[in-house]
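Hi,

Here is the structure you were expecting. My notes on what turned up follow below it.

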Protein chains: 4
Amino acid sequence: MTRLRIGIIGAGRIGRLHADNLLLHPDAEVAAIADPQAGPALREWAAARSIPRVDADAGSILNDRLIDAVFICSPTETHVPLIVEAARAGKHVFCEKPVSLDFRLTRFALQAAERAGIMLQVGFNRRFDRSFRRVKQWAEEGAAGELHLLRVTSRDPEPPPEAYIAMSGGLFLDMAIHDFDMARYLCGSDIVEVYARGVVRIDPVFARYGDVDTAVTTLVFANGALGVIDNSRKAVYGYDQRVELFGSGGSIAADNEYATTAMLHAADGVHRDKPPHFFLERYSAAYREESASFVRSVMRGEPVAVTGRDALQAELAAWAARQSSVAGRPVRLAESEAEAAEAAEPTIGGGSHEN
Amino acid sequence: MTRLRIGIIGAGRIGRLHADNLLLHPDAEVAAIADPQAGPALREWAAARSIPRVDADAGSILNDRLIDAVFICSPTETHVPLIVEAARAGKHVFCEKPVSLDFRLTRFALQAAERAGIMLQVGFNRRFDRSFRRVKQWAEEGAAGELHLLRVTSRDPEPPPEAYIAMSGGLFLDMAIHDFDMARYLCGSDIVEVYARGVVRIDPVFARYGDVDTAVTTLVFANGALGVIDNSRKAVYGYDQRVELFGSGGSIAADNEYATTAMLHAADGVHRDKPPHFFLERYSAAYREESASFVRSVMRGEPVAVTGRDALQAELAAWAARQSSVAGRPVRLAESEAEAAEAAEPTIGGGSHEN
Amino acid sequence: MTRLRIGIIGAGRIGRLHADNLLLHPDAEVAAIADPQAGPALREWAAARSIPRVDADAGSILNDRLIDAVFICSPTETHVPLIVEAARAGKHVFCEKPVSLDFRLTRFALQAAERAGIMLQVGFNRRFDRSFRRVKQWAEEGAAGELHLLRVTSRDPEPPPEAYIAMSGGLFLDMAIHDFDMARYLCGSDIVEVYARGVVRIDPVFARYGDVDTAVTTLVFANGALGVIDNSRKAVYGYDQRVELFGSGGSIAADNEYATTAMLHAADGVHRDKPPHFFLERYSAAYREESASFVRSVMRGEPVAVTGRDALQAELAAWAARQSSVAGRPVRLAESEAEAAEAAEPTIGGGSHEN
Amino acid sequence: MTRLRIGIIGAGRIGRLHADNLLLHPDAEVAAIADPQAGPALREWAAARSIPRVDADAGSILNDRLIDAVFICSPTETHVPLIVEAARAGKHVFCEKPVSLDFRLTRFALQAAERAGIMLQVGFNRRFDRSFRRVKQWAEEGAAGELHLLRVTSRDPEPPPEAYIAMSGGLFLDMAIHDFDMARYLCGSDIVEVYARGVVRIDPVFARYGDVDTAVTTLVFANGALGVIDNSRKAVYGYDQRVELFGSGGSIAADNEYATTAMLHAADGVHRDKPPHFFLERYSAAYREESASFVRSVMRGEPVAVTGRDALQAELAAWAARQSSVAGRPVRLAESEAEAAEAAEPTIGGGSHEN
């Protein structure tokens, strides 16, 4: 295969973003895009990019023998069925996070992918951020020595709309899931226990859906290190994403980013502009690198950078955090998983705020 | 009274530090210093400072009618008896932290002070750090709006010696107690619940004494905000003290300090020197301001900046954190206090690593 | 015109960079690219981008009636003839800096453009850097009050090859010309006098060509403010680009950039990675914004962001700085211009190190 | 000698500051203080510090056989006569900067000190700033390689009063003299040529006295490196003191200082407090170290940290800068010195704004 032929399923904000990034990639070709809302606007958008085909139905992509891989950027509840179908069709899959709001369904999708022998990469875009990668690289080189503590701060600039909250799966599954993945990624070890304390401080609407908007989650890793994540749905100064690893050799931290280096020293103090607004601004380079990494992995037959197992582990941690928050006690992931085996199916919510 | 006549009880590192700071204060006079180990070295030290009297026994200070106030800088287990005696003698008291390792004893000392009508200030020196005070001031002005989250990072550059560990009362009562106080101070609200997770990552010697060297503690405040403290007994890059308040109006943070602003840009990267080594370097100005604040309060008959109640609340939080760490569940301070009423007296440990 | 049809003249590093940026622009179309070295490699490169035509001769672009505008990215000595020809052909021009190494030729080209009524934008890419734009915006809002001082630091990571040095026109015309433009841009006032002191500290090869590698240049602006630029051909820690405006209201500064925010605190100090290597990394977003600005100006018939006069003024300042450096005294731009009218034509050098 | 017995001449702000620092020094003793304005207030001030003697006349200090050294903190025009008298009396001298506004007088004083074999240290306090010392140390270790460029920024928060301006000797001799010394100190090489461009931007009062309030000065060092100093009499955001060394191995910089690390991220941007107001705040630790260094040098018979020659060289550079600013051309220090030999004596101005 000289260029990877890709079909995009879902033409929302994130689907179009991946399409644009793939269009610039020398080894990729966007062969088609499918969306139930396909109309004149999408057709015009596609035409300006020389994307040859626009479909309303994902089936035409899944049935196209010339397409090598699909990007699943549709609402969360469609991820699992689409992965399963793509697997049957022998197409490699890039799937936005989360794979599902129910880790039992995620596991089902993973098994389908594995049986079919296709490659599956999951959309934890932050792993491709240059600063976090540099932290990871230093950590792997041993710069922090043996790991003792990990801190993640993750705050959105503004809460999602109520309709989104209702379907989101809650702060832990919708938002903190990125942080659980980042924690595992940086620590290089699985999370085995969580204690989550969530409160409603920003907007009572969260309480209406049994959700929280502010949380602190303690993590215990398999390697014995501790971690802590703090989350907020609303930081008025902009998107706030920071990490810190601390160990026997020192600390490795990545501070939040600013759009410029400009600084004003005036009679009333020192001032600079706020950080970039949200994830599209902050992670634009990371998104480019994310899809490039998928293309590279498939072209070379090398393991993907973010696996289905990574997705499952982050979902398990998020699930356990939600349980912990409700039960008011620490919850082990193994225990949470076992209990789930007997529990009723959870309601599967909608798309993701960040997608 | 034109100048406050002060007696120092305990001539260790911290007693001498307070003495030096008081000697520079225009409204204070160091009238005497007492220490069981009083010998030629101490006498010489005192002579060079024109401190007129050196005693082996604190009694001579407590019985001196011309002395207005005492600084209690002796080992922790002597604090409560000395406060009680000073109160009886009608002397105002500055007492190093913690008042005691058993909050029931602390309460006893507080009652004695209150009955006697003396002023009692407790040695939470960090409250006088310029950066933390600025955070507090901004918070009181409402710059962060309604408080949602508080983060405290507190790491020592190296663990105390084994003998100290054995008597310290453990990480929560010995080290994190400063952070519980800082959290209450900055948040302007009492801690009502804690969940502490401690592990041994640095040195197995801690385990030998039932202690931990690394911990993450989640706090719930009376005003509904959440907090989190991370502690380590060993940061190889130096003393690390940071705080952050986050709320509806934004965040207010104080970063760690560096000894100089010098920075080297070289072919292999950018470099600067480590933060100051430990608390004596980092908080030298804070210690000066701390004793000045006590002198000012006593001279003007104004409330002290750090009260006995502050000490008690920090001790209760530390106590509950220790319980939580052992029990593996969140502990409410009220519950912890109630249980203690029925429990056996805890072993009262020795001095404080930072004093 | 629905989309601006553009021909690129010169397919070197900078010509290809502009082509790629224009390809992503919704309102632009790269219709052709011309280069004397056009061969299979260039054809393949163009094919992958769906650029329909590759020519060896710029004439085919200049004679193509369907082409609206040209990007002149060929060696410096071809700029003036190409601008003149493009003007005759009625095509708008984006020309890389410098227009010429002889400001009399530059003036000639400007007159041709003006007579033909075409738009001419010159490639001072740094004006489009987000941080410098923010400084400029604050300055225009009056944040620094009345301007007193301006500082520009501009250092390359490594010297150009000897062949380039021989043809470059020297540090002031080749490298500092960017800084003269930045100074005028930020200060909002013309440079009227310069005093330049240059030395050879890095490599004796510069002396062989009557050039310097290290310089400090004092500027006097028409509005009475002072400025200073420091230049070096070799900063081992990477490309270093900083500016600072200082005035009655305070200072506005833009610090150098770093590739990541990652920071390591270790036992031997604090470390971070070096700044990005060179202008392609540092100004990649600025280059995108630069061509977009040209497209926007032409499409809307609005003035270009960097005019021919801007180019001429920067060249005059550079020319005067070179004179000052040789003569060892301050030189007024007016005087320098007058003298040039009588002097022999200078040797016109080759391309630009940064293009 | 067990403790150095010191007499302070001049009880203004700077004289009292040195007295306080010496009082805290274990090896120093403040034996007397003399000031023509000696009155009840000064006597009270001295009594509170147990300084045994207050005189109106410096003579009583100079004639006191028990006094080992004097601190000359009186107005500038008295420095030379007092150094000469102290030298005759065999007393070591610490003299505030500048020694004199006429370097011929300074040379005369230096010769007197040398003949008498006394130690003479001059008050360039900034050499004792921790950050600048760290820069110097790195430079001496070779961290910046061979030096190419040096930059000094030095801005006062507010201009001195008119009466002071009239007597100050002008910006170069009064204010920039500190920066000439810093440049020599950091570069480890003498200044051989200067080009100074000064303008009046802040207040026309400066023009009335032939003075300037804003200046850029280019330096050429004996070792071939270039330097540049920018000065302003008024930075509304506070005292601004920065240095940067740049060479073949990289750059070493010391940024300005801030009083706290507190930072506010709010909806309208990021804010922090201004730098410390002025030199007393910024250099308080440096002043302590400065007098301690003098005491140490005298006690051990070791060379002083800032010599009479250092003072002379800084004065020569300042003198040449003033000449350059007036003449509008670069001036070599040797030439300036030679010319001065034939010129009339300059008017000797008053005290120093920073003393």
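The axis comes from superposing chain D on chain B: a rotation of 180°, a shift of 0.1 Å along the axis, RMSD 0.0 Å. That is how a two-fold axis relates two copies. The superposition is by least squares on the C-alpha atoms of residues with pLDDT of at least 70 in both copies.

Please note that this is a predicted model: local features need pLDDT of at least 70, side-chain atom pairs count only at pLDDT 80 or more, and totals for chains, interfaces and linings use all residues. Residues are numbered from 1 along each chain as its sequence is written, while chains are lettered from A and ligands numbered from 1 in the order in which they are written.

Chains D and B

Chain D gives 28 residues to the contact and chain B gives 28 residues. Contact means C-beta atoms, placed from the backbone, within 7 Å. On the side of chain D that touches chain B, helix H6 (130-140), strand E12 (250-254) and strand E13 (262-266) each supply at least two residues. Helices (H or I, at least four residues) and strands (E, at least two) are DSSP runs, numbered from the N terminus. That side of chain D holds 15 nonpolar, eight polar and five charged residues. Here Ala, Val, Leu, Ile, Met, Phe, Trp, Tyr, Cys and Pro count as nonpolar, Asp, Glu, Lys and Arg as charged, and the others, Gly among them, as polar.

The copies meet through the same surface, because 100% of the interface residues of chain D are also interface residues in chain B.

Strands also pair across the contact. E13 of chain B (residues 262-266) runs antiparallel to E12(D), joined by five bridges. Pairing takes at least two DSSP bridges between two strands. B:His265 has D:Ser251 as its bridge partner in E12(D).

Helix H6 of chain B

Which residues of H6 (residues 130-140) of chain B are buried? They are B:Ser131, B:Phe132, B:Arg134, B:Val135, B:Lys136, B:Trp138 and B:Ala139. Buried means 20 or more other C-beta atoms, placed from the backbone, within 10 Å of the residue's own. Their cover includes helix H9 (176-187), strand E11 (240-247) and strand E12 (250-254) of chain B, together with E13 of chain D. After H6(B) comes B:Gly142, with a positive phi near 90°.

Best wishes

Terms used. Two residues are in contact if their C-beta atoms, placed from the backbone, lie within 7 Å. A residue is buried if 20 or more other C-beta atoms lie within 10 Å of its own, exposed if 12 or fewer, and partly exposed in between; C-beta atoms are placed from the backbone.
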